[in-house]
Number of protein chains: 2
Amino acid sequence: MHSLSIIKIGGNIIDDETKLAAFLDVFAAVEGKKILVHGGGKLATKLAEGLGIRQQLVDGRRITDAETLKIVTMVYAGTINKNIVAQLQARGCNALGLTGADGNAILAHKRGGAAIDYGYVGDVDTVNAPWLTSLLEQDQVLVFAPITHDGKGQLLNTNADTIAQEIARGLSGTFKTTLVYSFEKSGVLMDAEDEKSVIGKIDASYYQELKQRQVIFAGMIPKLDNAFAALRSGVGSVIIGRAEELPQLLAGKSGTTIVP
Amino acid sequence: MHSLSIIKIGGNIIDDETKLAAFLDVFAAVEGKKILVHGGGKLATKLAEGLGIRQQLVDGRRITDAETLKIVTMVYAGTINKNIVAQLQARGCNALGLTGADGNAILAHKRGGAAIDYGYVGDVDTVNAPWLTSLLEQDQVLVFAPITHDGKGQLLNTNADTIAQEIARGLSGTFKTTLVYSFEKSGVLMDAEDEKSVIGKIDASYYQELKQRQVIFAGMIPKLDNAFAALRSGVGSVIIGRAEELPQLLAGKSGTTIVP
């Protein structure tokens, strides 16, 4: 079984040209099959501001109305995705940029039933694993923008963490998968104020203990719940840490590795 | 040898939601292998105006400065490309949206040496025919945005007519190619004021005669010169006419067919 790394990078890398270039250097050098999933960063917000489009927030969460969907499609699938692809090509890495609509890669449905109408936000139904597998087997490096479609002509804004997880789950039958969530910290920290207090490895029982001791709290809980959910659906391992340390993350020398 | 249709649609279709939907209905129904190349339309100009970015014109031609390149990448590769892909998927047509950077599909270089600096405008060097062939053989329908790259990380704005022609040339060794240029008229007209005066077929010697009689003049001359150049490099046939009449164009029942 071939190994496959699915690496999600967040806005802190995308918004910083120098950091992004340094990350793409190390990403291009990662051995084996790989998929990059990128988020949005601040560019979409800036563009909306430039055009005088008000961001609608409900309970602190952004609503993807029709105008916002246009903006994120432009920025995520256009600017960010194609610049990453061109920069990877320059590094000898044969990248192909995709949204969920391309090749019907990720089919989703508009989120419904919630108390809040989030607008054109997609929850993932299926990943087209056979097609993605055939692309990976041709040594194509896939770069996903966080946009899916509903199969009826509607594009949908979709969380990049979720896309990375669904792709990892969908391809775990065919590949030995490693899912890397990069964020702005060195990993899961024993002391939130101390970047050197990274917990190297967390399994399910240790996770329960850390939650009880309130070492892990707030925003880290959904992240880790997602990681354990991924492991339960066949993903080989989940690593959380800084994108800049990607080689060390994949080698288990940096960040936090989540194991069942 | 399989047949392959390469169909270029212009701004008049892209700017009109109803026309575009009707075109995608007939495009989805076209039999055999097919590639769609779309231009930009007025959306890029509107977005630039909305953001207060001045379009630089030199001798009436638009200059692609860094800001304009960002705009066209957003609009062409983001908005237009992904909406067409999603709408084709809804019509059971397995579309994959591409720029020249994706899979190194079209390598270009920044235009240089001209008296005018057009900015980030690309002239095509090579089309990755083996890769495009392998995608077409998997029954993928390709949708190209008019953006290429230079292999060094730079995206480049590239004329959609040229992209369609270069793809047709590049794939003519493998497929029996038909290149369709759609525009706002029914075809090459004997009388520019009479849409019913379409000339059904033009070969090289008839073209010379029509030019001498000044039936063909101005903007039609580069279009037809390009068509004959395509035929000389192996393209099977070139058809010029209205996108809405695509089935009739491909059947030779409408528009102007250019033959050697």
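Tutor: In chain A, for example, N104(A) lies in the loop between β5 and β6 (106–110). This is a predicted model, in which local features need pLDDT of at least 70 and side-chain atom pairs count only at pLDDT 80 or more, while totals for chains, interfaces and linings use all residues. Residues are numbered from 1 along each chain as its sequence is written, and chains are lettered from A, with ligands numbered from 1, in the order in which they are written.

Student: Where does Q214(A) lie, and how many C-beta neighbours does Q214(A) have inside 10 Å?

Tutor: Q214(A) is found in the loop between α7 (204–212) and α8 (220–232) of chain A, and its phi, near 60 degrees, is again a positive value in a residue other than glycine. Q214(A) has 8 C-beta neighbours inside 10 Å and therefore counts as exposed.

Student: In what order do the eight strands of the open sheet in chain A run?

Tutor: Two strands pair if DSSP finds at least two bridges between them. Here the order is β5-β8-β2-β1-β11-β13-β14-β12, with mixed pairing, and the edge strands, each pairing on one side only, are β5 (95–98) and β12 (201–202) of chain A. Within this sheet, β2 (residues 33–38) and β8 (residues 141–144) of chain A pair in the parallel sense over three bridges, and I35(A) has L142(A) in β8(A) as its bridge partner.

Student: How many residues of chain B are in contact with chain A?

Tutor: Two residues are in contact if their C-beta atoms, placed from the backbone, lie within 7 Å. By that criterion, 32 residues of chain B are in contact with 32 residues of chain A. The elements giving two or more residues to that side of chain B are α4 (66–90), β5 (95–98) and β9 (147–149) of chain B, and the largest share, 14 residues, comes from α4(B).

Note on methods: Helices (H or I, at least four residues) and strands (E, at least two) are DSSP runs, numbered from the N terminus. A residue is buried if 20 or more other C-beta atoms lie within 10 Å of its own, exposed if 12 or fewer, and partly exposed in between; C-beta atoms are placed from the backbone.
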